[in-house]
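Thanks, everyone. Let's take a quick tour of one structure, starting with its aromatic rings. Please look at the screen.

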Amino acid sequence: SSSPYTILGVTKGMSFDEIKIIYLRKRKEFHPDTLISKGLPEELLERAKERFIEIQEAYETIKKINLQ
């Protein structure tokens, strides 16, 4: 499976602050409420929800790594 860095589209060399900014941007982009308001079809919403969860989990993983 993809690394959390790949999922977020960031690199290990980036500061955690930079990663957080990108994460928040992606989180907003894939947020179910954002997508529903755009009127996306159901099958796309399902995929986007999975992506949203992936983004959440990737961020949490990177956060743990950075807090060590």
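Start with three rings: Phe-16, Tyr-23 and Tyr-59 make up one aromatic cluster. Keep in mind that this is a predicted model.

How many aromatic pairs are there? The count comes to 2. Phe-16 and Tyr-59 form a stacked pair. Their centres are 5.8 Å apart, with 15° between the planes. This pair links distant parts of the chain. Phe-16 sits in helix α2, residues 16–30. Tyr-59 sits in helix α4, residues 42–67.

Next, Tyr-23 and Tyr-59. They are stacked as well, at 3.8 Å centre to centre and 5° between the planes. Tyr-23 lies in α2 and Tyr-59 in α4, so this pair ties together parts 36 residues apart in sequence.

Phe-16 is at 23%, so it counts as partly exposed. The cut-off for buried is under 20%.

Now follow Tyr-59 into its helix. α4 has 26 residues. From first C-alpha to last it reaches 37 Å, close to the 38 Å expected at 1.5 Å a residue. Which residues of α4 are buried? They are Leu-45, Ala-48, Phe-52, Ile-55, Ala-58, Tyr-59 and Ile-62. And what covers them? The cover includes α1 (4–8), α2 and α3 (32–37).

On to charges. A search of the whole structure finds 2 salt bridges.

One joins the side chains of Lys-49 and Glu-46, at 3.6 Å from N to O. Both residues lie in α4, 3 residues apart, about one turn of the helix. Lys-49 is partly exposed, with a relative accessible area of 34%. Glu-46 is partly exposed too, at 37%.

Another joins the side chains of Glu-54 and Arg-51, at 3.5 Å from N to O. These two are 3 residues apart in α4, so about one helical turn separates them. Glu-54 has a relative accessible area of 38% and is partly exposed. Arg-51, at 24%, also counts as partly exposed.

Stay with Arg-51 for a moment. Which ring does Arg-51 lie over? It lies over the face of Phe-30, 5.1 Å from the ring centre.

Methods:
Residues numbered from 1 in each chain as written. Predicted model: local features only at pLDDT ≥ 70, side-chain atom pairs only at ≥ 80, totals over all residues. Heavy atoms only, no water. Phe/Tyr/Trp six-rings, centres within 6.5 Å; stacked < 30°, edge-to-face > 60°. Helix = DSSP H or I, 4+ residues; strand = E, 2+ residues; numbered from the N terminus. Buried < 20%, exposed > 50% of the residue type's maximum accessible area, 1.4 Å probe, protein only. Lys NZ or Arg CZ within 6 Å of the ring centre and 35° of its normal. Expected span 1.5 Å × (residues − 1). Contact = heavy atoms within 4.5 Å. Salt bridge = Lys/Arg side-chain N within 4 Å of Asp/Glu carboxyl O.
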